[in-house]
Amino acid sequence: MIELVDIHKSFGPLEVLRGVSLTVGAGEVICIIGPSGSGKSTLLRCINHLEHPERGAIRIAGQSVYYDLVDGVRQPHSKQRIAEVRAKLGMVFQSFNLFPHLTALENIIEAPIHVRGMSRKAASARALELMRRVGLEDKAEYYPEEMSGGQQQRTAIARALAMDPTAMLFDEPTSALDPELVHEVLEVMRGLRDDGMTMIIVTHEMNFARQVASRILFMDHGVIVEEDLPERLLGSPREPRTRAFLKNVLER
Amino acid sequence: MDLLNLDVAREYFGVLLLGLGVTVGLTLSVITMSCVIAIPVALARMSPNRLIRMPASAYVEVTRATPLLLQLVYIYYVLPSFGIRLPAIAAAVIGLTFNYTAYMSEVYRGGIKAVAQGQWQAAAALGMTDTLAFRRIILPQAIRIVIPSLGDYFISLFKDTALCSVVSVQELMFKGQIISARSYQYFTIYTLTGILYFAVGYPAALFVRWLENISTRGYSRRKRR
């Protein structure tokens, strides 16, 4: 359903992604692990075009998105077309990025109303339903800064879900949270998995990855070093680099 | 004190009040227009397109590096040589707006830049175009950031309108000059003029401070109620 082919991305002289290919099927949960600077987040951000790869193709539901290849030359799609593709990919950021000037409910209904043209009434009803789903039905009128990190992140998940995404991208969703708040966000994500949501998750939560992932990818230095079923990759990794990384992480 | 002539003060109070009306009207119309026009100017200055950015930058730099008084005089006395004849009040409104827009566009530019980059990204990830993200997400936050600075410009504009007396706009300063020269009651008239400026300027400054307090409070329900 999401297909990445030979993605290359550099920041100046620094090659962050050096030929990454990945296919994600509908309903799959892919967890991406790896040391910081390995390109995990950049890869995720290429999928919804927050980063623009220099080379490679991204296809969603068989359609090439963001660029067309015309006689071997890449032609970027119009901003409107790119926005439409993004609207179908929910994104959750490490630092939540809620809109601070809007209440939780307003955060959630903003895009449905102004991007999709939904009525305020219908959008609000749906938003309240989503807030119930993430356990925040009593926080609709709260501003982000009045909520805990865990509550903010759950609001951010509800905000992404309000656009009825076909897949969700999570960029280290629990890394900015106090340890005691991590589980409430992971619980919501587990619920999404149970509902069959396609998810790509960059995370450092190895136990969570073990429990929810259909596959785990280990990335290092801009390439996918190893990918496998959770038990196999975490239990008996084949690559020395994977083994070294897991040893460091799991023995902490 | 013999210097203060109450009869003279009473006689000319009404005229000075008319001047104050012009001063206030001038201030309000210029601040309103500058607040609005400065936004596209700020965006033009931030444009990746040089053809848009360079003229905007040139305008801002030239305006900030030359005296407001010269700009007013230029519009009123020089433009007629090119066939552009403006009534004094129009020249004043245009000159002040021209000048203040340049400064205020810099304030907006700073405010827009101060909004976290993550806000653009979150908006984009939700399928918002840049225009929509700017209007709905970035600008409301930027305005809140710039309110204290805009308030300061509002107060200084109120006082700068006095410069318009040189292009014969009948505002408070102009009235004061005319009347005092006619009556020779410099002390009485200029003191009264000063009192009138203060009577409006001080509450306005208090209002601006109040706005500042509100805008730096942060976003929350409890405090808003």
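**Close-up views of a predicted model**

**View 1. V93(B) and the residues it touches.** Beyond its neighbours within four places in sequence, V93(B) makes contact with L26(B), S29(B), V30(B) and M33(B). Keep in mind that this is a predicted model. V93(B) sits in helix α4 of chain B. Is V93(B) buried or exposed? Its relative accessible area is 17%, and buried means under 20%, so V93(B) counts as buried. Look also for I31(B): it lies 62 residues away from V93(B) along the chain, yet their C-alpha atoms are 9.8 Å apart.

**View 2. Helix α4 of chain B from end to end.** This helix covers residues 88-114, 27 residues in total. From first C-alpha to last it reaches 39 Å, close to the 39 Å expected at 1.5 Å a residue. Where does α4(B) bend by about 25°? Find T101(B), the site of that bend. Because 19 of its 27 residues are buried, α4(B) is largely enclosed by the rest of the structure.

**View 3. Strand β11 of chain A and its two faces.**

**View 4. The partners of β11(A).** On strand β3 (residues 29-33) of chain A, which runs parallel to β11(A), four bridges make the link; here I32(A) stands opposite L217(A). Strand β12 (residues 223-228) of chain A runs antiparallel to β11(A) and is joined to it by five bridges, with I224(A) as the bridge partner of M219(A). Two residues separate β11(A) and β12(A) in a hairpin, and H221(A) in the turn has a positive phi of about 50°.

Key: Residues numbered from 1 in each chain as written. Chains lettered and ligands numbered in written order. Predicted model: local features only at pLDDT ≥ 70, side-chain atom pairs only at ≥ 80, totals over all residues. Heavy atoms only, no water. Expected span 1.5 Å × (residues − 1). Bend = angle between axes of the 7 residues up to and from the residue. Buried < 20%, exposed > 50% of the residue type's maximum accessible area, 1.4 Å probe, protein only. Contact = heavy atoms within 4.5 Å. Pairing = 2+ DSSP bridges.
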